[in-house]
Amino acid sequence: MRYELMRPSQIRKAIEKRTPVVLPLGVLEYHAEHLPVGMDTLAVERALHEYEKIAEVVILPSFYWGASSRAVAPCEGRGSIPVNSQALVPIAREIFRGLLDVGFRNIHTIIHHHALMDAEVLAKYPFDHAGEGETSLMMSLCPDTVNMDEFDKSAWYAESALKASKETGDNGVKMILDHFRRILK
């Protein structure tokens, strides 16, 4: 259930049942021309919404303000909004203190590049930046955000995106949901 839609009685019940509470974390970062800048966070958010169909989970509002990279392209005109990671530490501390104050104890964060896909998933799924793996995930989870007509062939890091498919993304989502079953107890 989305936290912002919960009534106090539902929050108390989730606390009593030790329902996992998850904060989707990510960045606003350039993922080539064919993918949205919110790709990393959207993948976590949408995968959690799929998981919510099969298990109880409290999903906090997504936090998009992470330390994005300038490794593949400058920010100007491309949408990346880098935030200094040290500036985020006090905010994170306050968010988690607030969750503890509410009464939650089964608290998780999920970040696309780390907790969304563990080593087992990464061994079986094409992981990359804006390439086949991420593009396929978005084709499965957020198909309306992918526009392969805007694919830029000069984006060397995203060349494998041309092999992306909804089927590959669906398989990735299944693996992610299995991973969630293992960690969100």
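Trainee: How much space lies in the largest pocket?

Mentor: This is a predicted model, and the value is computed from its atoms. The lining of this pocket is made of 20 residues, with L25, G26, G66, L88 and I111 nearest its centre. The space in the largest pocket is about 370 Å³.

Trainee: Which element supplies the largest share of the lining of the largest pocket?

Mentor: Three elements, β1 (21-25), α3 (85-102) and β3 (107-111), each supply at least two residues of this lining. By class, the lining has 12 nonpolar, 6 polar and 2 charged residues. The largest share, 6 residues, comes from α3.

Trainee: Which helix gives the most to the lining of the second largest pocket?

Mentor: The second largest pocket holds about 190 Å³ of space. Its lining includes M1, M6, Q10, K13, A14 and K17, and also E52 and V58. By class, 6 of the lining residues are nonpolar, 2 polar and 4 charged. With 3 residues, the helix that gives the most is α1.

Trainee: How are the rings of Y3 and F104 arranged?

Mentor: The structure holds 3 aromatic pairs. In one of them, the ring centres of Y3 and F104 are 6.1 Å apart and the planes stand at 65°. Planes over 60 degrees apart count as edge-to-face. The pair of Y3 and F104 is therefore edge-to-face.

Trainee: How many residues apart are Y3 and F104?

Mentor: Y3 lies in the segment before α1, while F104 lies in the loop between α3 and β3. The pair thus links distant parts of the chain, and the two are apart by 101 residues.

Trainee: Is F104 buried or exposed?

Mentor: A residue counts as buried under 20% relative accessible area. Y3, at 23%, counts as partly exposed. F104 has a relative accessible area of 2%, so F104 is buried.

Trainee: What is the angle between the ring planes of W156 and Y157?

Mentor: W156 is exposed, with a relative accessible area of 58%, whereas Y157 is buried at 13%. Their rings form an edge-to-face pair, 5.2 Å centre to centre. The angle between the planes is 90°.

Trainee: Over the ring of which residue does the charged end of R78 sit?

Mentor: A charge sits over a ring only if it is within 6 Å of the ring centre and within 35 degrees of the ring normal. The charged end of R78 is 5.8 Å from the centre of the ring in question, and that ring belongs to Y30.

Notes:
Residues are numbered from 1 along each chain as its sequence is written. This is a predicted model: local features need pLDDT of at least 70, side-chain atom pairs count only at pLDDT 80 or more; totals for chains, interfaces and linings use all residues. Side-chain values use heavy atoms; hydrogens and water are left out. On a 1 Å grid over the protein atoms alone, a cavity is a set of points where a 1.4 Å probe fits but cannot get out, and a pocket is an open set with protein on both sides within 12 Å along at least five of seven lines; lining residues have an atom within 4 Å of a point. Grid points are joined across faces, edges and corners, and a volume is the space filled by probe spheres set on the points. Helices (H or I, at least four residues) and strands (E, at least two) are DSSP runs, numbered from the N terminus. Ala, Val, Leu, Ile, Met, Phe, Trp, Tyr, Cys and Pro count as nonpolar, Asp, Glu, Lys and Arg as charged, and the others, Gly among them, as polar. Rings of Phe, Tyr and Trp (its six-membered ring) pair if their centres lie within 6.5 Å; planes under 30 degrees apart count as stacked, over 60 as edge-to-face and the rest as tilted. Buried means under 20% relative accessible area, exposed over 50%, partly exposed in between (1.4 Å probe, protein chains only).
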